[in-house]
Amino acid sequence: MNFGFSEEQREVQNLARQIFTDLVSPEKLKASDDYAGERFDEALWGKLAEAGLLGVALEEQYAGMGFGFTELALLVEEVGRSIAPAPVIPNLVSGALPVQRFGTDEQKQRLLPGVAEGKLMLTAALMEKHNENPASPRLTTAVAKDGGYSVSGTKLCVPFAHRAERMIVSAKTDNGVIALLVDPKADGVTLNEMKVTTYEPQYEVALKDVSVAAEDVLAGADKGAEVMQWLTEHTTAALCAHQVGVTDCAMRMTASYTAERKQFGVPVATFQAVGHRAANCFIDVECLRLNTYQAVSRLAGGHNATNEVQIAKIWAGDVGHRVSYASQHLHGGMGIDRDYPLWRYCTWMRHNEMMLGSSAKNLAALGKRIAAGEAYCQ
Amino acid sequence: MKVEFTPEQEALRTELRAYFKELMTPELTAECNRDMGEGGGPLWREALLKMGKDGWIGVGWPKELGGKGLSPIEQFIFVEEIMRAGYPFPFLTTESVGPQLAEHGNAWQKANIVPKILSGECLIAIGYSEPGAGTDLARLKTTAVKEGDEWVINGQKMWTSLAHFCDYVWLACRTDQNAEKPHKGISMFLVPTSDPGWSSTPVVTLGGVRTNATYYDNIRVNDDALVGELNKGWKLITGQLNRERLSLVNCGPTQQLFNGVVKWAQETELPEGGKLIDQPWVQMNLAKVRAGVEALKLVCYKQAWAMTEGNLEMADASAAKVYGSEFFIEVYRALGEVMEQMSLVSEHSPQAQEHAARVERLYRTASIITFGGGTNEIQRDIISAAGLWMPRAAR
């Protein structure tokens with residue numbers, strides 16, 4: 001049992017924190033508010049690539065740093081802390097990691113070095129209407145064709161589909177679930193812009209008889225569900241890590257604000273009602289952090305982590321919700337003033353709360369596992 | 001970062017689980033239940049002596065003091081397993097006061113008290129609160145006055161739990177009436193309950209658990225009884241409370257109760273057909289407890305790890321205490337709901353059901369640690385000040 005960070009892990013944290021501190025500012029984030037500009041910072045992305053961070057969890061033979069999922073999750077936490085306009089989760093976690101884990105040598109050679117160098121982007125299409133389980137696609141179907149597949153259906157809320165070289169798409173076949181690497185520019189693919197709460201570029205991806213060649217099949221029907229489950233658990237844990245960064249920053253911003261803001265001649269932080277609500281946030285964030293680190297650590301070690309990921313996501317949802325409202329409230333009007341930086345954090349707490357299943361949904365799923373005898377306390 | 005047990009820690013857990021399974025005979029279990037889960041009975045004492053003999057007290061203490069020299073995290077595993085087994089372990093003595101004595105005690109205490117704690121022969125109660133000094137503990141009035149070579153102790157303490165079967169009270173006394181600040185005039189003493197000047201009266205609580213008011217009438221002790229330096233008792237008190245806080249919120253018993261209720265709900269048939277555990281609301285309650293207890297486990301492990309590394313943060317210790325104490329109450333409510341009206345049927349009733357009867361009692365005892373061991377308001381003050389650097393109002 002070790003809750004400390006290794007030297008390498010601290011280096012990744014510090015390097016990431018330094019870059020985001022230098023290059024992310026409220027002024028820059030403002031540029032993409034209300035979709036005025038694309039929420040993507042080319043210069044920042046280039047800097048992350050240059051520092052090697054985009055390849056932090058990729059093997060050295062693919063131009064990566066050769067670290068693991070823990071180090072990647074620590075990078076994601078820093079993305080959250082700064083709410084940097086950098087699609088690290090869709091690209092590095094949902095996209096590159098499954099390719100590295102399950103892809104063919106040719107796929108890895110073709111896609112991964114570009115990811116590490118920041119020249120190529122991947123993403124994953126995880127949502128369908130009323131279906132947020134990527135391992136069990138309902139509205140996307142595929143049939144075998146020319147050694148590959150022909151796929152049809154509609155995915156929702158696909159981040160950065162417009163920039164992606166390939167997006168991972170799961171589809172139902174007569175023999176089981178498959179996972180494909182779909183080119184968003186291929187014939188039959190239509191990208192329809194969506195407008196969402198965070199102003200992240202997201203797309204409705206309509207697929208109509210899209211041909212996917214054999215070389216772009218990530219997993220056939222024998223393995224597709226397993227690949228998508230693996231992808232989902234890693235992405236969920238990454239969302240939790242992002243939430244750790246976002247909530248921690250919002251909480252500390254709130255603590256600082258209440259220490260400065262005076263009413264009745266004293267800092268409002270000196271009122272017990274204020275201090276105690278902030279203390280509740282501290283406890284909440286610590287619970288989220290530890291559950292997240294546990295889930296990440298187990299995934300990094302290749303252990304079964306289904307219960308731990310679900311529990312971390314329950315905390316990510318609850319803590320995001322509670323810290324968001326406590327922060328807004330304790331800031332008084334400043335918390336919702338768009339000239340003050342807090343409000344953007346609130347949209348990301350909401351994003352992380354809802355994506356890949358809310359607390360209620362994960363509680364229900366965990367409850368089923370408990371009933372089946374799969375989630376006893378060890 | 002590796003949030004999982006090492007093979008050695010897993011082996012220790014397996015060994016302890018087997019050991020306690022054998023230790024907890026049905027007779028001992030019955031006696032512990034009768035004693036409201038606080039121990040003190042003859043079989044309980046016998047088992048404590050056996051644990052001492054087998055070297056299972058003070059697993060985290062230094063080897064030169066007779067302990068096993070294992071890290072706080074291994075010690076925590078020990079406490080978790082023993083609490084899971086349902087043995088009311090005297091952790092105030094062994095985990096909280098004991099290590100303080102081993103570190104700061106004088107030669108007499110190290111020679112006479114510390115070995116007896118390790119052998120299970122010596123039990124110590126905590127004497128801090130007084131009728132007029134609770135959260136504002138520094139106002140305590142019990143005095144120790146030097147007369148020749150002796151200290152003469154007079155006063156009254158409240159909530160001196162377990163004192164009616166303990167050998168000593170770890171007693172906070174005022175030794176300097178003129179100190180510039182009240183907490184700078186306090187010293188710690190080990191006072192024998194066998195002294196004719198010592199007496200106690202029971203205070204029975206909502207949960208049925210007995211605590212005590214204790215009285216100190218011209219008790220005379222020499223310098224052997226003084227712990228640490230004169231007028232430096234406050235640091236020992238806060239150090240002890242920091243250690244106590246972690247023992248208070250051990251996750252072992254809750255994990256055990258949760259597992260028991262899950263198994264029970266899986267087997268329990270509903271008159272209308274199907275099993276209780278198939279009900280969505282039952283699954284929801286169980287999932288909330290499961291997610292909460294996982295956090296408690298990790299909060300506890302992180303602290304045990306931090307103690308091992310020597311960097312336990314004040315805010316983290318307080319966060320664990322607040323979270324655990326308030327979570328327990330929600331656990332008993334949620335699991336009680338699952339067992340419905342049976343969770344109001346006491347163990348003394350022939351219709352009693354094991355887990356439900358336990359919840360019947362636990363629900364009545366749960367408030368104790370939200371204010372005991374340093375009230376949660378003060379803990380939250382510590383968290384906002386030490387964890388978030390927020391300024392505090394003057395008191």
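This is a predicted model: local features need pLDDT of at least 70, side-chain atom pairs count only at pLDDT 80 or more; totals for chains, interfaces and linings use all residues.

Author: Chain A is built from 11 helices and 10 strands. Its radius of gyration is 21 Å, close to the 21 Å the globule rule gives for 378 residues, so chain A is as compact as a globular protein of that length. Laid along its principal axes, the C-alpha trace of chain A spans about 75 × 50 × 40 Å.

Now for the cavity you asked about. Helix 5 of chain A gives the most, with 4 residues. By residue type, the lining of the largest cavity divides into 19 nonpolar, 6 polar and 2 charged.

It's handy to set this against the annotation. The UniProt record, an unreviewed entry, has "domain: Acyl-CoA dehydrogenase/oxidase C-terminal" covering residues 222-370 of chain A. Over residues 222-370 the chain is 78% helix and 3% strand, and the end C-alpha atoms are 28 Å apart.

While we're in chain A, two aspartates deserve a quick stop for their backbone angles. A:Asp34 has a phi near 55°, a positive value in a residue other than glycine. You'll find A:Asp34 in the loop between helix 2 (26-30) and helix 3 (42-50) of chain A. Its relative accessibility is 52%, so A:Asp34 counts as exposed, the cut-off being over 50%. A:Asp209 also isn't a glycine, yet its phi is positive, at about 50°. A:Asp209 sits in strand 7 (residues 202-212) of chain A. With a relative accessible area of 47%, A:Asp209 is partly exposed.

Over to chain B, then. Chain B has 14 helices and 8 strands, and 56% of its 395 residues count as buried. A compact globule of 395 residues would have a radius of gyration near 21 Å, and the 22 Å of chain B agrees with that. The C-alpha atoms of chain B fill a box of roughly 80 × 50 × 45 Å along the principal axes. Here, too, there's a domain annotation from an unreviewed UniProt entry: "domain: Acyl-CoA dehydrogenase/oxidase N-terminal" covers residues 6-121 of chain B. That span is 67% helix and 0% strand, and its end C-alpha atoms lie 33 Å apart.

The bit of chain B I'd zoom in on is strand 4 (residues 168-174). Of its 7 residues, 7 are buried, so strand 4 of chain B is largely enclosed by the rest of the structure. As a reminder, in a regular strand the side chains alternate between the two faces of the sheet. In strand 4 of chain B, B:Tyr168, B:Trp170, B:Ala172 and B:Arg174 are on one side, with B:Val169, B:Leu171 and B:Cys173 on the other, and both faces are covered.

Within chain B, B:Ile126 stands opposite B:Trp170 of strand 4. With strand 5 (residues 186-192) of chain B, strand 4 pairs in the antiparallel sense, over 7 bridges. In that pairing, B:Val169 stands opposite B:Val191 of strand 5.

One last stop in chain B is B:Val331, in helix 11 (residues 314-339). At 1% relative accessibility, B:Val331 counts as buried. The C-alpha atoms of B:Val331 and B:Leu286 are separated by 9.0 Å, with the two residues 45 residues apart along the chain.

How values were computed
Residues are numbered from 1 along each chain as its sequence is written. Chains are lettered from A and ligands numbered from 1 in the order in which they are written. Side-chain values use heavy atoms; hydrogens and water are left out. Ala, Val, Leu, Ile, Met, Phe, Trp, Tyr, Cys and Pro count as nonpolar, Asp, Glu, Lys and Arg as charged, and the others, Gly among them, as polar. Buried means under 20% relative accessible area, exposed over 50%, partly exposed in between (1.4 Å probe, protein chains only). Two strands pair if DSSP finds at least two bridges between them. UniProt positions are given in the numbering used here, feature names are shortened, and annotations may be inferred rather than shown by experiment. The radius of gyration is taken over C-alpha atoms; the globule rule is 2.2 Å times the number of residues to the power 0.38.
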